[in-house]
Amino acid sequence: RSMIVRQLEQSLGVIPGKPTRVGERWPVEIEHVSPLAGRLSSDLTATLSGLKRSSNLATIEISGTLTLTQQDEPGLAGLLGIVLESGVMKGRIGFDEERGLIVGSTVDLETSWSIAKNLTGSDAPMTQTIRQSSILTLDP
C-alpha cells in the first residue's frame, strides 16, 4: 500500500468510531512523508468538544505535535543540514453523526526549521517558520 493510503486511513482515527461523551479525548497518530525531511509523525489528541443534537453535528478539536521519526536515516533535508525544530498542529472538525461524514474542517500547522550555515552563506544557522492552513467544506 502507498504511504498516501496509509496516511488517509490513519487520519480517519480522528473519528472515534464509538459512542463518545463531550470532553472525552483519544490519541490520533499520523505518519507523513516529506520529500526533504523524510518520515514525520504527528502525535495528536482529539477531543469531542461539542455536540448539537438538533443538527447531529459533533465538533472535534485536534491538537498536537509533528516530529521527525527517522533520525538514523535522514532525508535529503538532514543531509543538507535542514532540521525540523518544532511542529504544532491545531484544528477543528465538524462531523455529521446522522450521515456519518465530515462536513468541514480547519487545520493549522506551524513548523520551525533550522537551516545550516553552509546553506545560508552566513556565519550562523537560520531558522524558518512555515505556517500552513487547510480548510475543507462539504458542498451540499
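Q: What should I know before I start?
A: The model is predicted: local features need pLDDT of at least 70, side-chain atom pairs count only at pLDDT 80 or more, and totals for chains, interfaces and linings use all residues. Residues are numbered from 1 along each chain as its sequence is written, and side-chain values use heavy atoms, with hydrogens and water left out.

Q: How many helices and strands are in the chain?
A: Helices (H or I, at least four residues) and strands (E, at least two) are DSSP runs, numbered from the N terminus. Here there are 3 helices and 6 strands. From the N terminus on, their order is α-β-β-β-α-β-β-α-β.

Q: Which strands does β5 pair with?
A: Two strands pair if DSSP finds at least two bridges between them. Strand β4 (residues 82-96) pairs with β5 in the antiparallel sense, over 14 bridges. β5 also pairs with strand β6 (residues 126-137), again antiparallel, over 12 bridges.

Q: Is T111 buried or exposed?
A: Buried means under 20% relative accessible area, exposed over 50%, and partly exposed in between (1.4 Å probe, protein chains only). T111 counts as buried because its relative accessibility is 5%. Across the chain of 140 residues, buried residues make up 34%.

Q: Where does T111 lie, and what does T111 touch?
A: T111 lies in strand β5 (residues 101-115). Contact means heavy atoms within 4.5 Å. Leaving out residues up to four places away in sequence, T111 touches L66, L84, S86, G87, Q128, T129 and I130. I130 in β6 is also the residue that T111 stands opposite.

Q: Which side chain makes a polar contact with that of T111?
A: A polar contact is a pair of N or O atoms within 3.5 Å. Within protein, one must be able to donate a hydrogen and the other to accept it, and residues adjacent in sequence count only if both atoms are side-chain atoms. The side chain of T111 makes such a contact with W113, at 2.9 Å. In a regular strand, side chains alternate between the two faces of the sheet.

Q: What is the phi of N56?
A: Phi of N56 is near 60 degrees, a positive value in a residue other than glycine. N56 lies in the loop between β2 and β3. With a relative accessible area of 23%, N56 is partly exposed.

Q: Which residues does L57 touch?
A: L57 lies in strand β3 and is partly exposed, at 26% relative accessible area. Beyond four places in sequence, L57 touches G50, L51, K52, G94, F95, D96 and V103. L57 and F95 are 38 residues apart along the chain, yet their C-alpha atoms are separated by 5.6 Å. Among contacts in the chain with a separation of 6 or more, 49% join residues 24 or more positions apart.
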